[in-house]
Amino acid sequence: MPVFRAGPGQAPAWCEMRQFDIVRRPAGAARYDFGRAGPREKLIVGEGACTIAAAGREQAAAAGANIDLPAGEGGFSILEVAEDTTLIRMAGHWGDEVGGSGLFSVEEVADGEREDRGDPVPYEKRTRFDCHFHDCDEYWILFAGSGAAVSEGKRYEVASGDCVATGMGHHHDFPVVHEPVRAVYFETTMEGERRRGHLWDHTHGRAEPRVERV
C-alpha cells in the first residue's frame, strides 16, 4: 500500500524515503531539535516563518524554504519561531541526483476552468491536476486538507498527515479534493532516462513502471 503515516517503520520496503515528520510550532515556541533519522535528510517549511540551524549555519526560513542536510552532519534545529510554522522533515537513503521538491496545492475547480494536459483517465476529475508519471519515485506529504489521490490505478482517500508514495513509472493523480490540499512533493533518485518533471504517455512515450514498487 503506497499510503503511510509519519514516524519510523511506516514506509513500504522499496521506499528511499524511510521516514517523514510533520512538526507544527506556534509563534514564540522554544527551540526544537530534530534527531538525525537517516543518511540523508531534507527539511521543507510548509507555512510560517522561523530560524533554522543546520550544518553549523543559521538561516531565516519562510514557506517554501527547502534545506538539505549533508551526510555526517547533525540534525536540524528550529531556533526561533516568528509565526505559526509547519515543517516537514524527510529522511532516507536517496542518491545524489534527485528530481524536484517543494510545495504544491490542489483544490477543486468548475468544469469550464479545467485544463488537463495529462494522460486520459477513466475516473471523475474535479481539479486541474494532471495524470502523469516520473523517471523516479515521488512522495506527496499532506499537511493540510483532504481528498482522493490515485496511484497505480487505485484510489486512496488521504488527509493531512498522510504520505502517498508512487514508484517510478506508475501514473498518479489528485482528481478530487474535499478540503483544499497543501502538501510537499519530493522526487527521489533519478532513474532510467532521467527525464525531469511530469511525463505523459502521449508526449514522452509509454510509461514503464517498476512493478515491484507498490
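This is a predicted model: local features need pLDDT of at least 70, side-chain atom pairs count only at pLDDT 80 or more; totals for chains, interfaces and linings use all residues.

Is Y32 buried, partly exposed or exposed? I looked it up: Y32 is partly exposed, because its relative accessibility is 29%. (Buried is under 20% relative accessible area, exposed is over 50%, and partly exposed is in between, with a 1.4 Å probe and protein chains only.)

Residues are numbered from 1 along each chain as its sequence is written, and side-chain values use heavy atoms, with hydrogens and water left out.

**Rings.** I found 9 aromatic pairs in the structure. In one of them, the ring centres of Y32 and F34 are 5.1 Å apart and the planes sit at 75 degrees, so I call it edge-to-face. (Phe, Tyr and Trp rings, using the six-membered one for Trp, pair if their centres lie within 6.5 Å; planes under 30 degrees apart are stacked, over 60 edge-to-face, the rest tilted.) F34 counts as buried because its relative accessibility is 5%. I also noted one aromatic cluster, made of F104, F129, W140, F174 and Y185.

**Cores.** The largest nonpolar core has 18 residues, and F4, M17, M90 and I141 have the most contacts inside it. (Such a core is a set of buried Ala, Val, Leu, Ile, Met, Phe, Trp, Tyr and Cys residues joined through side-chain atoms within 4.5 Å.) Strands that each supply at least two residues of this core include β2 (17-25) and β7 (77-92), and β9 gives the most, with 4 residues. (Strands are DSSP runs of E, at least two residues; helices are runs of H or I, at least four; both are numbered from the N terminus.) Another core, of 16 residues, lies apart from this one, with I52 and F76 among them.

**A207.** I found A207 in the segment after α1 (201-204). Its relative accessibility is 14%, so A207 is buried. Beyond four places in sequence, A207 touches F133, G169, H171 and D201. (Contact means heavy atoms within 4.5 Å.)

**E191.** This one is in the loop between β12 and α1. E191 is buried, because its relative accessibility is 18%. Its side chain makes a polar contact of 2.7 Å with that of R213. (That's a pair of N or O atoms within 3.5 Å; within protein, one must be able to donate a hydrogen and the other to accept it, and residues adjacent in sequence count only if both atoms are side-chain atoms.)
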